[in-house]
Amino acid sequence: MKVTLDEVAARAGVSLATVSRVLGRRGAVAASTRAKVLEAMTELGYSRSTLLHDAPRRLVAVSAPGNPEHWQVQVCTRVAKALQAHDLLVTRPLVETDPEPLQTAIDAGAVALVTTTLTSLNTEIPCIRVAEQSAGAEEAGGSGTGAARSDRAEAGPAGSGAARTGAGSGDVIAARLDLGGGMTTAFEHLRAIGHRRIGLICNDSGELAVQLIRRFLAEHPARNLGLDLEDWISRVPKSFSGGSRAVLELKDATCTAVIVQSALQLHGALYGLRNRHLQVPRDMSVVGFGDSPTMKFTGPPATVLGLDVEGLSNALIEATLQTLRISTTGLPSVPPVFRPRLIARTSTTAARR
């Protein structure tokens, strides 16, 4: 009968994660604990393929969150390809929605997780990720720049230079995404062409949606006019039908422009307006969050907040190589901040008087 790692952990009186660290020869494990695990393996007759045990290539999990945005998939694809070029093995479990795939990767010996999620996952291996630009600032009670600098102050593994945050003991912040700056850019563009009643269509779950809502409320040009801005937020599933329904609700709430989180919702919004015999941008201006190849071919081509996919990818790659001590270049003292930039196409125009 096959002996499982759970049985080894129970016999040694340690956690499954500890057994995984011993087998993967990673992380700090006390000599006495390691000896107990090895003794339990011997007593139970546990054996592991020598190919797996002695393989010089390390395993890294590169993961987008469940139901990811297009830019998150793009970044993960670029990161996975680059890490493979450095002779690392890559697995692609989803994170956030189900912990089992990631735990399976860790049990198989994954030494690090690289992810585009904005959420601290509290992993037992280094979690190299992107954070919202102001999140650390609010935790630290200072400015975004100062907080980012404090991220670097508490180093990771000796000699790694990896950034750590207080959000999760294993977090390594490779870059920050300036969602507030991106929202301000969208508002400035829409205000310049006469829009004041600006709505938001976002996912009904997920950390990115939470941060976008927070930024929408904080940066909205009508925030000091005594209006209930919650009436201009539509939280819907990340789906075509969700976007179609949401844009009509916001149109009925007298919004003249909307910012839309996902491509699926944006395509749905354009369809919903056409189905009611309304025109974009004459009757409703639309701004998408994140660019993709399809945004140039929507009807009309969508104005979007584009993200620096290459820059985000390179930041995650460098942080991973530094954390795993493959690179000796060292990380910058402050994580780079990436602000979404406006790519103006024809889905926005002057508000009708």
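Student: Where does Arg282 sit?
Tutor: You'll find Arg282 in the loop between α12 and β9. Keep in mind that this is a predicted model.

Student: Is Arg282 buried, partly exposed or exposed?
Tutor: Arg282 has a relative accessible area of 39%, so the residue is partly exposed.

Student: How far is Arg282 from Ala350 in space, and in sequence?
Tutor: Their C-alpha atoms are 8.0 Å apart, while 68 residues separate Arg282 and Ala350 in sequence.

Student: What kind of peptide bond joins Val280 and Pro281, cis or trans?
Tutor: That one is cis, with an omega of about 10°. Pro281 belongs to the loop between α12 and β9, and Arg282 is placed in that loop too.

Student: And what about Gly299 and Pro300?
Tutor: A cis peptide bond joins them as well, and omega is about 0° there. Pro300 is in the loop between β9 and β10, the latter being residues 303-306.

Student: Why point these out at all?
Tutor: Because most peptide bonds are trans, and most residues other than glycine have a negative phi.

Student: OK, phi then. What is the phi of Asn67?
Tutor: Asn67 has a positive phi of about 55°, although Asn67 is not a glycine. Its place is the loop between β1 (59-63) and α5 (70-85).

Student: And the phi of Asn122?
Tutor: Positive again, at about 50°, and Asn122 is not a glycine either. Look for Asn122 in the loop between β3 (110-115) and β4 (127-132).

Student: Is Asn122 buried or exposed?
Tutor: Asn122 is exposed, since its relative accessible area is 56%.

Student: What happens just after α6?
Tutor: Gly109 follows with a positive phi of about 110°.

Student: Which residues of α6 are buried?
Tutor: In α6, which spans residues 99-107, the buried ones are Leu102, Ala105, Ile106 and Asp107.

Student: Switching to packing: at what angle do α9 and α10 pack?
Tutor: About 50°, with the axes of α9 (179-192) and α10 (207-219) 9 Å apart. The two helices are therefore oblique to each other, and their crossing is right-handed.

Student: How do α5 and α13 pack?
Tutor: Helix α13 covers residues 309-323, and α5 packs with α13 at about 45°, with their axes 9 Å apart. The angle makes α5 oblique to α13. The crossing of α5 and α13 is right-handed.

Student: New topic. How many salt bridges are there in the whole structure?
Tutor: A search of the whole structure turns up 12.

Student: Which residue pairs with Arg215?
Tutor: Glu132 does, and the closest N and O atoms of this salt bridge are 3.5 Å apart. Arg215 lies in helix α10 and Glu132 in strand β4, so the pair ties together parts that are 83 residues apart in sequence.

Student: Are Arg215 and Glu132 buried or exposed?
Tutor: Both Arg215 and Glu132 are buried.

Student: Which residue does Arg276 meet in a salt bridge?
Tutor: Asp252, at 2.8 Å from N to O. Arg276 is in the loop between α12 and β9 and Asp252 is in helix α11 (240-252), so this pair ties together parts 24 residues apart in sequence.

Student: How accessible are Arg276 and Asp252?
Tutor: Arg276 counts as partly exposed at 36% relative accessibility, whereas Asp252 counts as exposed at 52%.

Student: What does Asp291 pair with?
Tutor: Asp291 forms a salt bridge with Arg345, and the closest N and O atoms are 3.2 Å apart. This pair links distant parts of the chain, with Asp291 in the loop between β9 and β10 and Arg345 in the segment after β12 (341-343), 54 residues apart. Asp291 is partly exposed, with a relative accessible area of 22%.

Student: Which residues are joined into one network by shared partners?
Tutor: Glu132, Arg214, Arg215 and Glu219 are joined by salt bridges that share partners.

Student: Last one: which residues make the nonpolar surface patch of about 270 Å²?
Tutor: Phe240, Leu264 and Tyr271 make that patch. Leu264 is in helix α12, residues 263-275, and counts as partly exposed at 41% relative accessibility.

Key. Residues are numbered from 1 along each chain as its sequence is written. This is a predicted model: local features need pLDDT of at least 70, side-chain atom pairs count only at pLDDT 80 or more; totals for chains, interfaces and linings use all residues. Side-chain values use heavy atoms; hydrogens and water are left out. Patches are made of residues with over 30% relative accessible area and no salt bridge: like charges are joined within 9 Å, nonpolar side chains (Val, Leu, Ile, Met, Phe, Trp, Tyr) within 5 Å. Accessible areas come from the Shrake-Rupley method with a 1.4 Å probe; for residues, only the protein chains shown count as cover. A salt bridge is a side-chain nitrogen of Lys or Arg within 4 Å of a carboxyl oxygen of Asp or Glu. Helices (H or I, at least four residues) and strands (E, at least two) are DSSP runs, numbered from the N terminus. Buried means under 20% relative accessible area, exposed over 50%, partly exposed in between (1.4 Å probe, protein chains only). Axes are lines fitted to C-alpha atoms, for helices over the stretch in contact, and angles run from 0 to 180 degrees between N-to-C directions. Angles under 35 degrees count as roughly parallel, over 145 as roughly antiparallel, 65 to 115 as roughly perpendicular and the rest as oblique. A crossing is left-handed if the near helix is turned anticlockwise from the far one by less than a right angle, and right-handed if clockwise.
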